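I opened a notebook page for this model. My notes follow in the order in which I looked things up.

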Amino acid sequence: MKKINFNRQWNFSKLKSESFTVTHDAENKEKILTVDLPYDAMIHEKRNAKTKNGGQTGYYPGGIYLYTKKFFVPKEFQNKQIMIEFAGIQGISKILINHVFAKTSFNDYESEFINLNNFLKYGQENEIEVIVNNSVGQNSRWYSGSGIYRDVFLYLANKTYIPIYGAKLQTVYADQASATVSIDVNLKNLDIEQTAVLKLEIFDSANQQAVAAGSYSVTLDGQSEVHVNQQLNIEHPHLWAPEHPALYVAKVTLASEKKLLDQEQISFGLRTVKIDANHGFLLNGKSIKLRGTCLHHDNGILGAVCLEDAERRKLKLLKNAGFNAIRGSHFPMSDRSLQICDELGLLVLDELTDVWNQGKNVNDYSNYFHEFWKHDVALMVNKDFNHPSVVMYSTGNEIKEAGTPLGAKINRKLTNEFHKLDPTRYVTSAVNAIVAADKQFKNIVTDTLSKGGFVADNKDFAKQTESSKKDINELNGMQSVLVGPLANAIAVNPQITAMLNEYVEANDVVGYNYLTGRYLFEHEHFPNRVILGTETFPADIASAWKIIKQYPHAIGEFTWIGYDYLGEAGVGIFYYNGQQNFQPQYPDRAAYIGDIDLIGNRRPMSYYREIVYGLRQQPYIAVERLNHYGEEPSKTPWMWKDAINSWTWPGFEGKPAIVNVCAAADQVELFLNGKSQGKKAAGEEHDFLAVFKINYEPGELVAVGYTNGTPCGKTTLATIGKPQQLKIAVDKTELKANGEDLAFLMISSVDENGQLNQFDEADVSIETSGPCKLVAFGSANPSCEGNYFDRTWKTFDGRVLAVIRAGSQAGTTNVRVSANGYPDAKIKVKSVSVDEKINKND
């Protein structure tokens, strides 16, 4: 089927009511905008302290929205097959074709496919309407976005065709000498009986060379469907792996004697995966540990809008920070995102859902799961099958039924369905003991305490559970007991084991959230089990990775979380006023626990993790904020240290400072302006961290690492001068005029030498003129007023980010940023027509 981008030129308006009698009433609509999809309506709402979504969506309200598009359908299309795909709509949506109801969409993260043939008027103008109701609220535990936030595609085919996802490729065998690929093609014939030729070709994407081919005769009965399976061999293949993500293209052609019937091109990779307790995770026969991160679906200040440049930037930043694996949390990742993971070499654990039949929010997907689970699994497998990046499925996250026999039964049913549809991949589930135990968890903790003498922890636990709200935040707040010695003792409590055994045995890989204490216990008591940390606390990385490195059955971990996100506001904000983290208050908007912040800058935890992984040899300096020295902040297990990579603290001369030096070296020596501040142990035996308490003095900090007494790495952190200019760093200055390309402009407050000053704040304003649009502007501040469509933002840790989106017209867009006391900074972004780009081989 021919796939046509259908994102351009939609009309969008916010409705006051969803009633069919008033939907088309002009008074029911707010201003009608012409927009290119994807388009997240929620990020354009003004935040509201009283919204019933509260901190879960970062105080963004939902609404009722209408998307419409008119398009002409030629008469000759009457003999064609025409489908439309909505890759993701946030909110319960009704889809109408020419004012006739076609379908209701309930799942925010799965595609909806609609056959248009019975709705279209040929040789006339047609109209599609999508009414999205996301006003009910409390349907997500994180920022959801609203409306058509993923792509829309039209599919066009003859009456004899290859259906969507109709060709599936499987690596049967692969090594450096040869590979065998099985190609299963589904053929549909809505015409009379005919004989066709199916031609299969494989091309090396890197050099466009044909590496295998075959042709096969197929007799197609009238009004029938048939599967054809063939194998092709490839000599000296390039295998797909994180270090070299080689891709191939399979070209599938169906033709009769008279004409071409259909043609598909599928990108895929040659790779094999094997997992067992003795060898661990083997990719192409090579042992790999999963250095993973969980990932929500929003793109920071852009909201939930799923554009290729935004997804690529986010995923590339994570890969560059040392991660080699992504867990979609807690939903199926988009096909667009998976394509990028294929290209970047990121392994993917794709997750089905956050809930089954027992909900976590009053209006969440638990209201529909029992009706649609089999349909959802099929859609997910179809989408994922040809992506080499996807190596594992998850049946769900922190499922509340997990501690029950019914939960085990459902988990087994889901796992079997995944295996039936895709025998090539492994299946896990992310298990949380607190969620599974529910009301029994306090008894399990009490039982553990009675055997271990954890007096201090007992007091902390009682205080935490008494202060927590009686909702999902209570469960999150109780996670504090899953850290340290008490956590390890709770994890191996016999009641936990008995409660979870049947459930986890339904999967191929046992996935645990915040149960590091079970890693060695499982190996001793269940030697055939493979363990994966499906969700782990950031600060646990040193202790967890020590086990993962040593034991094959522990194949890796996925931290919560690699990239900061909107919603679940305040999980990681350092409050110094007595406020508790799971009781968010306006204007909190972000979780603030990402290794990378909301606008794409790496935080100290990211460099610490890189050192623990063994990927960075140079020490790293993180200075705890001097303006809060001596104050006791709120703390959750998801938080590390309130520190930044800065030695610029004017007004704090002579005041005490805490300097953290992250280092793989056995020992670290810290120098301030050439004077040694002493040596301290670091390296694996000391969790890769040395902490110094010194007095602040402007100048230069130098950290030197020593292994066996020999210097093995050095890093310097100098005091930055007073900010004097605004610096614009842009990822690209030329965009395709396709309505989708993005340019990211990082605006920094810098001194006369162009060095970032993270201390001073500046109110930065931005102006643009030209065919491109400013679609987002803001900082990484997790708790602040303002909207990302405002034109003035205050820097946070010295930076703000602007995002420019291409329109449909070619031309030059002028960008000017200004702030009081700074000279203006300017930059030009050029947009060129798609044809011009093609002619330039871009």
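I started with Phe688, which counts as buried at 6% relative accessibility. Buried here means under 20% relative accessible area, exposed means over 50%, and partly exposed is in between (1.4 Å probe, protein chains only). Phe688 sits in the loop between strand E38 (675-681) and strand E39 (689-695). I read its phi as positive, about 60 degrees, although Phe688 is not a glycine.

Before going on, I noted the ground rules. The model is predicted, so local features need pLDDT of at least 70 and side-chain atom pairs count only at pLDDT 80 or more, while totals for chains, interfaces and linings use all residues. Residues are numbered from 1 along each chain as its sequence is written, and side-chain values use heavy atoms, with hydrogens and water left out.

Next I looked up Asn98. This residue also has a positive phi without being a glycine, near 50 degrees. Asn98 lies in the loop between strand E7 (92-97) and strand E8 (100-105). Its relative accessible area is 14%, so Asn98 is buried.

Then I checked the cis peptide bonds. One joins Ser329 and His330, with omega about 0 degrees. His330 is in the loop between strand E27 (325-328) and H2. Another joins Tyr586 and Pro587, with omega about 15 degrees. I placed Pro587 in the loop between E33 and helix H13 (604-612).

Is helix H2 enclosed or open? Of its 10 residues (335-344), 8 are buried, so H2 is largely enclosed by the rest of the structure. The buried set includes Asp335, Arg336 and Asp342. Leu338, Ile340 and Leu344 are buried as well. Just after H2, Gly345 takes a positive phi of about 85 degrees.

I followed E33 to Thr559. Strand E33 covers residues 554-559 and holds Thr559. Thr559 is buried, with a relative accessible area of 0%. What does Thr559 touch? Leaving out residues up to four places away in sequence, its contacts (heavy atoms within 4.5 Å) include Cys294, Phe323, Phe537 and Arg609.

Now the cores. I took a nonpolar core as a set of buried Ala, Val, Leu, Ile, Met, Phe, Trp, Tyr and Cys residues joined through side-chain atoms within 4.5 Å. The largest has 75 residues. Among those touching the most other members are Leu315, Leu414, Phe418 and Tyr608. Phe418 itself touches Leu352, Met380, Tyr393 and Val427, among others, not counting residues up to four places away in sequence. A second, separate core of 57 residues includes Val305, Leu307, Met746 and Cys772.

Last, I went to the whole chain. I counted 14 helices and 50 strands; these are DSSP runs, helices (H or I) of at least four residues and strands (E) of at least two, numbered from the N terminus. Buried residues make up 60% of the 842 residues. A compact globule with 842 residues would have a radius of gyration near 28 Å, and the chain agrees at 28 Å. That radius is taken over C-alpha atoms, and the globule rule is 2.2 Å times the number of residues to the power 0.38. The C-alpha atoms fill a box of roughly 85 × 65 × 55 Å along the principal axes. Among contacts between residues at least 6 apart in sequence, 72% join residues at least 24 apart.
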